[in-house]
Amino acid sequence: MEPSLYTVKAVLILDNDGDRLYAKYYDDTYPTVKEQKAFEKNIFNKTHRTDSEIALLEGLTVVYKSNIDLFFYVIGSSHENELMLMAVLNCLFDSLSQMLRKNVERRALLENMEGLFLAVDEIVDGGVILESDPQQVVHRVALRGDDVPLTEQTVTQVLQSAKEQIKWSLLR
Amino acid sequence: NCICLQYNVPVAGSNPFQHLEKSAVLQEARIFNETPINPRRCLHILTKIIYLLNQGEHFGTTEATEAFFAMTRLFQSNDVSCHLLIKSVLTVSLLNSFMVFYSLTKDMTGKEDVYRGPAIRALCRITDTTMLQAIERYMKQAIVDKVPSVSSSALVSSLHMVKMSYDVVKRWVNEAQEAASSDNIMVQYHALGLLYHLRKNDRLAVTKMLNKFTKSGLKSPFAYCMLIRIASKLLDETEGGHDSPLFDFIESCLRNKNEMVVYEAASAIVHMPNCTARELAPAVSVLQLFCSSPKAALRYAAVRTLNKVAMKHPSAVTACNLDLENLITDSNRSIATLAITTLLKTGSESSVDRLMKQISSFVSEISDEFKVVVVQAISALCQKYPRKHSVMMNFLSNMLRDDGGFEYKRAIVDCIISIIEENPESKETGLAHLCEFIEDCEHTVLATKILHLLGKEGPRTPQPSKYIRFIFNRVVLESEAVRAAAVSALAKFGAQNDDLLPSVLVLMQRCMMDSDDEVRDRATFYMNVLQQKQKALNAAYIFNGLSVSIPGLEKSLHQYTLEPSEKPFDMKSVPLATTPITEPKTEIAPVATSKLPEKLARSRQDIYQEQLAAIPEFQSLGPLFKSSEPVQLTEAETEYVVRCVKHTFARHMVFQFDCTNTLNDQLLQKVVVQMEPSEAYEVIHYIPAPSLPYSQPGSCYSLVRLPDDDPTAVSCTFSCTMKYLVRDCDPNTGEPDDDGYDDEYVLEDLEVTVADHIQKILKPNFGAAWDEVGDEFEKEETFALASVRTLDEAVGNIISFLGMQPCERSDKVPENKNSHVLFLAGVFRGGHDVLVRARLALADGVTMQVTVRSSEETVVDVILASVG
């Protein structure tokens, strides 16, 4: 295996019907939305009944965690160090847990989607693990607590995230 | 206005984004143009846009550009100075991106730290090579910035850009070096990753880097994992022995305090080729500890890696058997499956039944990938404990009845087929299970495969008639491809069993009225062949099909249609199919299944054929008959590395010399290999390699005419000398001197043997082929092989000496036998079938009685002469 920093193939969050709340794919294992949704469906069917943390699906290693009505997935190659993928999953979950003040459920998440977008961008960049410490992630997203006034910075951050994605959708 | 009305307040319990309409959101996005800006509202709309993108919503170019423009404006407002100056025309996207570029550059160098990391990442996403140079100075600063998030962002972005602008990023190597000694663990990791990517083609630099970091030590567990991967890759490439400091480093990581690093090190050691049991032991013992970890991921990782060890070194894992036993009831079924399959490899024969029972209790709960792992473990087990085949067969047939995808079913079918082939006594049960399976099989590929097997094996069972019903049912019920395969299988029953022939002919009659062309054609063809009732015809057209290369046939036919001719198409002008060399499967672990459709791979010989045909001197030689495996004519570590591939044609041979110049201060020109034959072979042409620069392989050729007058002269020794013009050159620039001098280099002798004149052909039914050739030119002789001690050795020697294909699995000598019959088939140069039956008897040495049959007398003589 070629040594590389590219570790994560995708980060997914599904609700308890298996519908996509968040999905980010970092390479072209599943190039079209149709293939992605099929993959998500397969993943959900294989994992939502058991609480067993790790599985091998379609030749990929999937680590996962569920909480109330949310399912978090981090996906990597089957040759990848499973514990690295776990580190990403734990960081994502713990960051969100702090941001949502332990209220990790669908409704709270939907009310803080911008925080989620920013957090994932701080944890994984283009498949490379950018940060694994939830404290750092929360600090950078700067969305702790409810009374923190929305600064223009937050706007800019979301804006950059949006712009980047628009740019890619343009290039597609 | 309406925008305000649309502003969505989340309703309790529902998804505020659920019914978002793309057009409505874009409509809302106009708010970006308002002054003063309302950040909270803008934020919400932006979130909606990202949400839509995330759901896979596609924005058209115009829509995206519009939103993009609006955002750009918003961006502008974000500057505290707040000039909303750009009111009018932001026409071209060039201007547009220039503006974004400008704003981002400002952010990236701004005071607010939280803000700079994302700005760098966003900027690098939209930057191209030309723009990159403009921000080079900022990037260099950012890489060594004392704020970790900024430095990490810059390093990771640089890594993304290596693909696009290697030359620019390469200049930042000093900054990356500095960042690597950062205290922050992520910065360290990212710097190491970037450094490796920039240097990976320079082995010396990688070695230096490894030395430095392994000595100084790192703080980041991620960086350690990366170092371990780099070290094991380097070990693999340099074939460094396990006494190398790199190996010591990896082993020392087994004592790291972070589990991630320990696991990475253990996994690296396990995956090293040629690891001895002693070297594996420390890795295995840490994995053993992990087996009892409370973390499922760690248990999974450990047992999966142990499973891999068990494939090559089952004994090394035996020590973990107790821990693995505890895992077979793990609530994570993947872990349980892996534990059981590992135990199946390491455990004793007596535990097989118990493990199989355990696994069948939850086989329906696991994913197809793991079911395949189970099947492969069973397959391996059958080879190890042939006596257990009835238990396995039962289990497999149950699995075959369960639901499952194609890969899974295919694994089961392959496994049953291999059991049938290994254990003749399991043949009938196996075939019965497969017959039942095709009664309800949705996979055409598997159905045709099984029908083919039935046709091959069924007629030779004691009760062939019972298979006819299953086969004929397919003709009635299935798709065209399956019906056609069924017709071919039926024909084989008719050809082999005289008492079945009348019924088969009746069934064929019915198939001739099929709605599909192919099925009708096959039925008509077989009908006519069978009615002749001639053994030779049956052998040639029913049992042993075409032995030509399919791409070769396609090409020859195409050629034939292009040049209309009176002569009928000659099958002998088509190159023969080379029997694929089936490599033993070592990788039994589940691997990513490729989604690409499998193409008919061109054989090595087809590629050679094409390369040689491109050389004018070789165009008149006719079709390529055989290409040998490459023969090394130099030692591995010499100045010039030369290997030779022998290409045999009907009356000529072409020797292809693949030469590599390993001296970086020399350029070789006009390279030829001069050949001196020991026999009446005549070298008629040399084709030089015009130029051979450092480390770029080139080929030169020699054309040799085979002696016409003495067809029995099949072996010859050539002494070879490489001759060339040397031009010294500057090792750094590769610039050669103007003058050169002639030089030569003596190579090892090259042997041409009888095997070079024979192409392997697999005859699925050797007996039929034997009768077909007939005994007109049969000759028989007895030899004593005094130096050979075992039958296995004798079989191996004969096969490699004659270069013929063993048939009917006769290359496998059953255990504890002191006599054996070996069947070999091949085609001699010129297109004459040749068959060899060698009866071997083991006494004090091996006695061999060789019987050779061929359609040509000289061929028989050649073979016998060369054996003696």
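Okay, let's start with a helix on a sheet: in chain A, helix 1, residues 33-47, lies across strands 1, 2, 3, 4 (60-67) and 5 (70-77), and helix 1 runs at about 115° to strand 2 of chain A. Before I go on, please keep in mind that this is a predicted model.

So what is the strand order in that open sheet of chain A? The sheet has 5 strands in the order 2-1-5-4-3, and the pairing is antiparallel. Strand 2 (20-25) and strand 3 (54-57) of chain A are at the edges with a single partner strand each, so each of them has one side without a neighbour in the sheet. From one strand to the next, the twist averages 20°.

Strand 1 covers residues 8-15, and its antiparallel pairing with strand 2 of chain A runs over 5 bridges. Look for V11(A), which stands opposite K24(A) in strand 2 of chain A.

Now chain A as a whole. Its secondary structure comes to 6 helices and 7 strands. Reading from the N terminus, you get β-β-α-β-β-β-α-α-α-β-β-α-α. Of the 172 residues in chain A, 64% are buried. If you take the contacts in chain A with a separation of 6 or more, 53% of them are between residues 24 or more positions apart. The accessible surface of chain A is about 6,400 Å², and carbon and sulfur atoms account for 46% of that.

On to chain B. This chain has 37 helices and 17 strands. It has 868 residues, and 51% of them count as buried. Among contacts in chain B between residues at least 6 apart in sequence, the share joining residues at least 24 apart is 62%. Chain B exposes about 41,200 Å², with 51% supplied by carbon and sulfur atoms.

Let me pick out a helix pair here. Two packed helices are described by the angle between their axes and the distance between the axes. For helix 21 (residues 333-346) and helix 23 (residues 368-384) of chain B, the angle is about 10° and the axes are 9 Å apart. These two helices of chain B are therefore roughly parallel to each other. Which residues make the contact between helix 21 and helix 23 of chain B? On the helix 21 side we have S334(B), T337(B), L338(B), T341(B), L344(B), K345(B) and T346(B). Helix 23 of chain B brings F370(B), V373(B), V374(B), A377(B), L381(B) and K384(B). Sorted by class, that contact between helix 21 and helix 23 of chain B has 7 nonpolar, 4 polar and 2 charged residues.

Strand 4 (residues 652-661) of chain B runs antiparallel to strand 8 of chain B, and 8 bridges join them. There, F657(B) stands opposite C700(B) of strand 8. Strand 6 (residues 682-687) of chain B also pairs with strand 8 of chain B in the antiparallel sense, over 5 bridges, and I687(B) stands opposite Y701(B) in strand 8.

Then there's strand 15 of chain B, residues 819-828. Is this strand enclosed or exposed? With 7 of its 10 residues buried, strand 15 of chain B is largely enclosed by the rest of the structure. Strand 12 (residues 758-760) of chain B is joined to strand 15 of chain B by 3 bridges, running antiparallel, and K760(B) has G826(B) as its bridge partner. Strand 14 (residues 805-806) of chain B is also antiparallel to strand 15 of chain B, with 2 bridges, and here Q805(B) stands opposite A825(B). Strand 16 (residues 832-843) of chain B is antiparallel to strand 15 of chain B too, joined by 10 bridges. H820(B) is opposite L840(B) of strand 16. In the hairpin of strands 15 and 16 of chain B there are 3 residues between the strands, and G830(B) takes a positive phi near 100°.

One last stop: V867(B), in helix 37 (residues 857-867) of chain B. At 22% relative accessibility, V867(B) counts as partly exposed. Leaving out residues up to four places away in sequence, V867(B) touches F783(B), F801(B), L802(B) and M848(B). L802(B) is 65 residues from V867(B) along the chain, and their C-alpha atoms are separated by 8.3 Å.

Methods:
Residues are numbered from 1 along each chain as its sequence is written. Chains are lettered from A and ligands numbered from 1 in the order in which they are written. This is a predicted model: local features need pLDDT of at least 70, side-chain atom pairs count only at pLDDT 80 or more; totals for chains, interfaces and linings use all residues. Side-chain values use heavy atoms; hydrogens and water are left out. Axes are lines fitted to C-alpha atoms, for helices over the stretch in contact, and angles run from 0 to 180 degrees between N-to-C directions. Helices (H or I, at least four residues) and strands (E, at least two) are DSSP runs, numbered from the N terminus. Angles under 35 degrees count as roughly parallel, over 145 as roughly antiparallel, 65 to 115 as roughly perpendicular and the rest as oblique. Contact means heavy atoms within 4.5 Å. Ala, Val, Leu, Ile, Met, Phe, Trp, Tyr, Cys and Pro count as nonpolar, Asp, Glu, Lys and Arg as charged, and the others, Gly among them, as polar. Two strands pair if DSSP finds at least two bridges between them. Buried means under 20% relative accessible area, exposed over 50%, partly exposed in between (1.4 Å probe, protein chains only). Accessible areas come from the Shrake-Rupley method with a 1.4 Å probe; for residues, only the protein chains shown count as cover.
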